[in-house]
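Please keep the sequence and the model at hand while reading.

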Amino acid sequence: MYGVFPDKLHMESSTMINKHCGEIPYGVRERPLFGRIYENPWLVRLHHPEEVLHFCHGTLISNRYVLTTAFCAMAVVTNANVTPQKQATEVILGEHDLSTETDCITAWNCSLPTTRRSVENVVVHENFTRKNYANDIALLYVNASIPFENSVRPICLPLVSIVDDTDDQQQTIYNSIWLNDSVPRQIWMRNVATEVCREQIRDIFALGDGHICARFFYDKFSVDMKGSAGSALQVDYHGRIFQYGLLSVGFPNVMEKTPYVYIDIAQYINWIHNSLINNP
C-alpha cells in the first residue's frame with residue numbers, strides 16, 4: 001500500500017464499507033459537549049420495546065449493518081427469536097433530541113422521522129470470550145435497507161491505524177453517547193498508551209492485544225456511562241469522522257482517571273469486511 005494517498009486507501013479499498021461516510025455539516029476540530037442536529041448521524045440506540053431506556057449503542061457502517069460489541073449483540077432479540085415475553089430489539093437511527101417528535105434547526109429545516117429496524121441476523125466474533133472481553137465485536141444485519149440522508153449516514157472505519165497510540169500528537173477524539181440527557185453528549189477523550197493502560201488497570205482487567213484505551217480529557221469529569229457499550233471512539237481524519245474504537249469495558253467509581261477499554265477497529269477491519277461479504 002506504499003504510495004497510496006490515505007483518502008484513496010480508506011475510501012476505495014473496500015466495496016462494502018466507507019461509502020458516503022463520516023460527513024457532517026460542521027467543523028470537526030471543536031465539537032460542543034452536547035451534540036447538534038445532524039452531528040452524529042451514525043449513532044444507533046439498541047432498545048427493547050418493553051423497556052424504557054436503550055441497553056446499548058451501535059454505529060451504522062452500511063445500509064444494512066450496525067457495528068456493536070459482542071456482549072451487546074448477545075442481548076439482541078432477532079425476529080426469529082421473538083416470544084410472547086420478548087419483542088424484537090429495535091434498532092433506532094436518525095434520532096437527535098429524545099424529548100421532541102421532530103428535530104428542527106428552523107421551522108423549515110427539520111429532519112425526517114426516526115428510522116426503526118429490527119434485526120434479522122447477529123454475527124458475533126467467533127473468538128469472543130466473556131472472561132476478558134477479548135474480540136468483543138459483532139455486527140447486526142437489519143431487516144431492511146436503510147436510506148441515507150442528513151440524519152442517517154454511516155461512519156467511516158479505518159483500514160489501517162490512523163491514531164497514534166502514544167498520544168504525542170494529542171489528537172482530538174470523542175466518545176458520543178446518549179446518557180441521561182435528551183441529546184447525545186460528545187465527551188472529549190484522550191488516548192492512553194497501551195502499556196500505560198495495561199499497568200494502570202492490571203489489578204482489575206487483563207488488557208488484550210485487540211484492545212486500546214482512552215480516558216476523559218478533564219481529570220475531574222464525572223459521568224455515568226451506563227448503556228454506552230457499543231458506542232464509537234471517533235476522530236476527525238482528513239475532514240471525515242472515523243470510528244477507530246468501540247467501547248467495550250468501563251470501570252466507574254473504581255479509581256480516578258481509570259481508562260476505558262475499547263476494541264481497536266483497525267485490528268478487526270478484515271473480520272468486519274469478510275463478515276459483510278459472507279453473511280447476508
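A residue counts as buried when its relative accessible area is under 20%, as exposed when that area is over 50%, and as partly exposed in between. Because its relative accessibility is 14%, Arg153 therefore counts as buried in this predicted model.

**Salt bridges**

- The count of salt bridges comes to ten, and among them is a network that links Glu23, Arg153 and Arg240.
- Glu23 pairs with Arg153, with the closest N and O atoms 3.2 Å apart; this pair joins the loop between helix 1 (6–12) and strand 1 (43–47) to the loop between strand 9 and strand 10 (173–177), across 130 residues.
- Glu23 also pairs with Arg240, with the closest N and O atoms 3.4 Å apart, and Arg240 lies in strand 14 (residues 240–249), 217 residues from Glu23.
- Glu23 is partly exposed at 35% relative accessibility, and Arg240 is likewise partly exposed, at 25%.
- Glu39 forms a salt bridge with Arg36 at 2.8 Å between the closest N and O atoms; Glu39 is buried at 0% relative accessibility, whereas Arg36 is partly exposed at 28%.

**Nonpolar cores**

- The largest nonpolar core has 42 residues, of which Ile61, Leu157 and Ile272 touch the most other members.
- Strand 9 (residues 138–142) gives the most to this core, with five residues, and the core draws at least three residues from each of domain 1 (40–154 + 268–278) and domain 2 (173–266).
- Beyond its neighbours within four places in sequence, Ile272 is in contact with Ile61, Leu67, Ile137, Leu139, Leu157 and Ile265.
- A second, separate core of 21 residues includes Ile173, Leu179, Met189 and Tyr260.

Conventions: Residues are numbered from 1 along each chain as its sequence is written. This is a predicted model: local features need pLDDT of at least 70, side-chain atom pairs count only at pLDDT 80 or more; totals for chains, interfaces and linings use all residues. Side-chain values use heavy atoms; hydrogens and water are left out. A nonpolar core is a set of buried Ala, Val, Leu, Ile, Met, Phe, Trp, Tyr and Cys residues joined through side-chain atoms within 4.5 Å. Buried means under 20% relative accessible area, exposed over 50%, partly exposed in between (1.4 Å probe, protein chains only). Helices (H or I, at least four residues) and strands (E, at least two) are DSSP runs, numbered from the N terminus. Domain bounds come from an automatic or database domain assignment. Contact means heavy atoms within 4.5 Å. A salt bridge is a side-chain nitrogen of Lys or Arg within 4 Å of a carboxyl oxygen of Asp or Glu.
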